[in-house]
Amino acid sequence: MHSKSKIIMVTVASVILGLWAIVTIIPLYWMIIGSVQDTTLSATYKPQMIPSIWSVAPFERFFSKTSAWRWLFNSVFISAVLTATNVFFGSLAGYAFAKLKFPGSKTVFWVLLSTMMIPAQVTLIPLYVLIINVFNLGDTYTAIILPGAVSVGNIFLMKQYMSSLPTSLIHAARIDACSEFGIFWKVILPLAKPGLAVLAIFTFVTSWNDFFWPFLITSSDEMRTIQVGLASFVFAESTDYGAIMAGATVGALPMMILFFSLQRYFLQGITIGAVKG
Amino acid sequence: MARVEFRNVRKEFHDQQKGTFTAVEGSDFVINDKEFVVFVGPSGCGKTTSLRMIAGLEHQSSGDIIIGDRVVNNLHPKDRDIAMVFQDYALYPHMTIRENLSFGLRNLKKPKAYIEQKVQEAASILDLESMLERKPRELSGGQRQRVAVGRAIVRDPQVFLFDEPLSNLDAKLRIQMRVELAELHKRLGATIVYVTHDQVEAMTLGERIVVMNKGAIQQIASPTELYAKPRNMFVAGFIGSPAMNFMDAELDGNRVLVNGTVLELPESMLSSSLADYDKKKVILGIRPEDIYGEDFVQNVKVEGKMTTSVQVVEHLGSENLVYFQVGERSVTAKVHPETKAYVGLEKTFILDLGKVHFFDPETEMRISD
């Protein structure tokens, strides 16, 4: 009886998950297929699940009509810098909140954490005014990077991770004549590597996929990231489905490769706060 | 090596929710040069806090701590010339044993050749030579413990601090490591301050023992003295296993009345301080090993007889523990395994009256001396 109900449960769950997977995968499949077939096919009334004529022409058109290489460079550069700053500041702040005693640490932490409750859209306009009018940084890398240089979410993630490291290691290092920065650098950071990897991957993916802020703050074509560039290309070439699909594939593929190669860390990232905290 | 002194050291912790908590109350003591001193007491008695204050990991709320001839109140742990072994070993998991051992000396920027020599010396003392290139996770509990000790040895500190270093080991290994630590103390001639909640560890290792409870020092004495002349009921109950038995009693001249039984005290027990309690209530303390079954009495000069029924018998092989009730208190006797005892047996027990202790029921302090 027990095993029978279990079998039914597993079957139902498998069917639901299977359907969900299909719904999720079809658009991705469509995007990739649309980018590697002849343009005439992708606009036909009866779509072909497996193209009869394969072609790389959509990619050629996408790269020749746009500054795609420049956009890709921008995306890589910005995501890399944001990853580096988030790893650096996030781990330092996380360590301080997790392991160092200083007056008001709890208050400061809760104030920081409460900012996570404020929707990003609310701060968008003040942030825009600040960057454009006060700092005069419009249409620069600094303008894209600065607001995201460190996120509270990452500080929280690192605090949770570092709280799970034994405090006696810090005490041992202190007695072993290690400086305070030395403790962080030589003892804590090497042990926080799995946490840092998760933070780095999540930050890179988020920065790569970010659309709205780079869209808002950039005005020239050469400052656009791949996501922003793609949107402008869609507006300009609304009929060339093949090229649009090729662009979308170029924008999405690196993250898909990253995800599949580092799947382990993504899953770890989901459980860090829950299990280790 | 050096002496360690506490002068009226007090430590309070402040917590927004729980308020102020006093972990150590006005401690005063001197640990002599090359002495092995053990802090012992139940959880939360302030023993680890005291040790951490010597290390500089906690800062005292008031009072002075002196190591050698320096007041170290405001000195960073690294400048106090101490080394500490932690309960969970605190080995750096990402470093090899060699790197773990040399970490402190490298931070102190000692010459490479000197570091190498020190690491080799420590490894040879602790039999770690074959493991120098391994990581801590590849070592057993006992080996990790030795690395933790090695990390302290290479520093040549004035004072070694041990924070419950054996509590994570299994019983057999703990005894082995206890012997090794005692040998190490002889070999290094070091001043050692050792914290444990295990009174057997304290009694076997310590030259002197500091018994603590609720932040206050209860008694500082050698193991023999602690056992023979506990200063109060806490020390009497804490030192010795099974714990000392307490019975409500009343003094009447040289006799003591316990639950309707009259016991005649020997001359040697009658002190002037005990005379002050004539016709008054007292607490009589007697260790389980000083109670015998009537059929198996050994070397008792002055016997006190008490007949009662046996409640529980525990067979430990080398001895039996027999439990019985005196008034409202449960009493344990540690008797020879051939002593006849089973549940419900009406049995006469012999109390060695030359070895009883008396305590004031109000202050719980020792009366007899």
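This is a predicted model: local features need pLDDT of at least 70, side-chain atom pairs count only at pLDDT 80 or more; totals for chains, interfaces and linings use all residues.
1. Apart from neighbours within four places in sequence, B:Thr332 is in contact with B:Pro242, B:Asn245, B:Pro288, B:Ile291, B:Leu321, B:Val322 and B:Tyr323. Its C-alpha atom lies 13 Å from that of B:Lys347, a residue 15 positions away in sequence.

2. B:Asn232 is also in chain B, but its place is in the loop between α7 (223-228) and α8 (233-238). With a relative accessibility of 7%, B:Asn232 counts as buried. Its side chain reaches the backbone nitrogen of B:Val235 at 2.9 Å, and, once neighbours within four places in sequence are set aside, its contacts are B:Gln218, B:Phe359, B:Glu364, B:Met365 and B:Arg366. Between the C-alpha atoms of B:Asn232 and B:Leu184, which are 48 residues apart along the chain, the separation is 33 Å.

3. In chain A, helix α3 (residues 57-65) packs against helix α14 (residues 241-261) at an angle of about 80°, and their axes are 8 Å apart. The angle therefore makes α3(A) roughly perpendicular to α14(A). On the side of α3(A), the contact is made by A:Pro58, A:Phe59, A:Arg61, A:Phe62 and A:Phe63, while α14(A) contributes A:Gly242, A:Ala243, A:Ala246, A:Gly247, A:Thr249 and A:Val250.

Technical notes:
Residues are numbered from 1 along each chain as its sequence is written. Chains are lettered from A and ligands numbered from 1 in the order in which they are written. Side-chain values use heavy atoms; hydrogens and water are left out. Helices (H or I, at least four residues) and strands (E, at least two) are DSSP runs, numbered from the N terminus. Buried means under 20% relative accessible area, exposed over 50%, partly exposed in between (1.4 Å probe, protein chains only). Contact means heavy atoms within 4.5 Å. A polar contact is a pair of N or O atoms within 3.5 Å; within protein, one must be able to donate a hydrogen and the other to accept it, and residues adjacent in sequence count only if both atoms are side-chain atoms. Axes are lines fitted to C-alpha atoms, for helices over the stretch in contact, and angles run from 0 to 180 degrees between N-to-C directions. Angles under 35 degrees count as roughly parallel, over 145 as roughly antiparallel, 65 to 115 as roughly perpendicular and the rest as oblique.
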